[in-house]
Amino acid sequence: MVTSNQLTRRQMLQGMGIAATGAVLAACAPPVAPDAAGDGGAMETPEVWFAFTNPCPGGGDPERTNAVRDLIFEETGVMVNSNILPPGGAATEKLNLLLASGTQPLDLFVGNWPDFKGVTLPLDDLLEVDGADILAGHSDLDWRMMKDFEGTTWGYPRLGLMGHTHFPYFRSDWLAEAGLDVPDSWDGLEHAYEAMKDSHPEAVIVAMGRRHLMYNTLGAFTDHGFSRWIDPADQMLKPPELQEGYQDWLAKMNEWWDNGWLQQESFANPDYRAMLKTLTIGVWLGWYSRMTIWWDQIRRDAGYEEEDYVLSLKITGPSGVAKTNNAGSNTAYMIPRKSRHPDAVIKYANWIYEDGPDDVTNYLIASWGVPGEDWEWVDKENKVARLHSAGSTVCEEKYSRDFQVTLGLGPETWATAVKLQNDDGEVEWNRHWRHINTYWNQYEGGRMPVDFDVPYDRTAIRDSFPGEPDFERFVEEESIKFITGARPIVEYGNFVDELNGAGLEQWSELYTQQYRLYHP
């Protein structure tokens, strides 16, 4: 929470830089050209440092990591290094320290680019010179989220406009048991769950909190789904909770709650992986990768043959399509101004993008490791590969994606063309990659957010409205009270009045101002 007595991330970085005196000069100075070495004028090897979280918080096998680093250097002439950020909130603290340090190198990191605009480099010239494949690797919609309203590019995309993140999933074996097809309507969804519940009293609907629940279902009751919207009464941007139909959605969710359909811990951030292992989830309304990665690994490890889940491409409710496409925010890969080798960063990233979807070998090297040692092509022409380590292999025995700087849309959608051959010689699709590749740009299955192409500067908004986090938290908490019955639906009008008192007008003015920069 940010209050008037606390610093925003931008203010913290500025303050840390000022306190560091000499460090601020190093952190904010223009990039330094490589020094000439003493041996006949040869230029030094460009060495770059990345700062990301990692699936293995302590790193993977050092031998495997070094082997990947050596191969990348052989291919690109760039020496890559990884500074692994700790999980959770500690990652932000360590990243801030790296950015402000005058001695610790940092050349690439991930975040929402408006928060770091003062300490990062614009990338237009760098991309034009060394990043042709990066530029070609993303859609115009994705690049729009990387630019300020003057057209300057501040990073290359980590995410983008996504159609694949919020499909509802149904227990396929339970549907088959009830003789039902995958539902495509709201009534069909409820009927399918009731049928599951009749045969399996333990069956529940699980939502990963209100946000994911709205992504999956709100469009069935409102015109814009989970999206800010332009109020025709005053032409101002308003929160999704003020749409006509939101009250009806709350009433329906409260009905589910009273019926015992919604898992009681859905809004308490439980251990969803453990919940999946209980085999009690009949309908999943959460983030997609919990199914494509977590559940798929659980299924494989346990050897389940019948137990599985299937998604519904489109659920239509009383007001239309239930799902809302995910705008993906303004999350970007950024180069700090203190980087000594920004051109080498782009050169390396471009190497991963090289050859587009036709050849994803470089992407697999950055993701999986050395070909022939960590993985191998079984049939390169048809993109069949075999990993030498199972998904459950412990961190100490594998390379752990230390140098993968192109996660998200782009190469990750191309790599889904890769099929995996298991130890028994059987060829099968990687479920996660196949899902992204198939659905990331199928926007017709969901509502398009009104402001999907506006990269809001949330730090600037909170600088002007320090109570904005309190406003957002109030909306969240009161909405959950309506769903769980802690507050009766008849008080929705009072809730709207309370929003006005909590700063709705200021919220609306600030978001509308930024929206109008991109949509005059």
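D355 sits in the loop between α14 (342-353) and α15 (361-368), where helices (H or I, at least four residues) and strands (E, at least two) are DSSP runs, numbered from the N terminus. Welcome to a short tour of a predicted model, in which local features need pLDDT of at least 70 and side-chain atom pairs count only at pLDDT 80 or more, while totals for chains, interfaces and linings use all residues. Residues are numbered from 1 along each chain as its sequence is written, and side-chain values use heavy atoms, with hydrogens and water left out.

**Overall picture**
- The protein has 21 helices and 17 strands.
- Of its 520 residues, 53% are buried, with buried meaning under 20% relative accessible area, exposed over 50% and partly exposed in between (1.4 Å probe, protein chains only).
- Among contacts with a separation of 6 or more, 76% join residues 24 or more positions apart; a contact means heavy atoms within 4.5 Å.

- Most residues other than glycine have a negative phi.
- D355 has a positive phi, near 70 degrees, and is not a glycine.
- The relative accessible area of D355 is 45%, so this residue is partly exposed.
- R401, in the loop between β15 (384-387) and α16 (411-414), is another residue other than glycine with a positive phi, of about 60 degrees.
- R401 counts as partly exposed because its relative accessibility is 33%.

**The five-stranded sheet**
- An open sheet of 5 strands runs in the order β2-β1-β3-β13-β4, with mixed pairing; two strands pair if DSSP finds at least two bridges between them.
- Its edge strands, β2 (79-84) and β4 (156-157), each pair on one side only.
- β13 (residues 331-334) is antiparallel to β4, with 2 bridges joining them; here P157 faces A332 and Y156 faces Y333.
- β13 also pairs with β3 (residues 108-112) in the antiparallel sense, over 4 bridges, and N112 stands opposite T331.
- T331 and Y333 point one way from β13, A332 and M334 point the other way, and all of them are buried.

**Strand β6 and its partner**
- β6 (residues 204-207) is covered on both faces, with V204 and V206 buried on one side and I205 and A207 buried on the other.
- β6 runs parallel to β9 (residues 281-285), joined by 4 bridges, and I205 stands opposite V283 in β9.

**Helix α21**
- α21 (residues 504-518) has 15 residues and spans 22 Å from its first C-alpha to its last, close to the 21 Å expected at 1.5 Å a residue; the expected span is 1.5 Å times one less than the number of residues.
- The buried residues of α21 include L504, W507, L510 and Y511.
- The buried residues of α21 pack against β7 (229-231), β8 (236-238), α18 (458-464), α19 (468-484) and α20 (492-502).

**The cavity**
- The structure holds 1 cavity of 30 Å³ or more; on a 1 Å grid over the protein atoms alone, a cavity is a set of points where a 1.4 Å probe fits but cannot get out.
- The largest cavity has a volume of about 40 Å³, a volume being the space filled by probe spheres set on the points, which are joined across faces, edges and corners.
- Its lining includes H166, F167, P168, N216 and G445, where lining residues have an atom within 4 Å of a point.
- The lining residues divide into 5 nonpolar, 4 polar and 2 charged; Ala, Val, Leu, Ile, Met, Phe, Trp, Tyr, Cys and Pro count as nonpolar, Asp, Glu, Lys and Arg as charged, and the others, Gly among them, as polar.

Methods:
1 Å grid on protein atoms, 1.4 Å probe; cavity = no way out; pocket = protein on both sides within 12 Å on 5 of 7 lines; lining within 4 Å.
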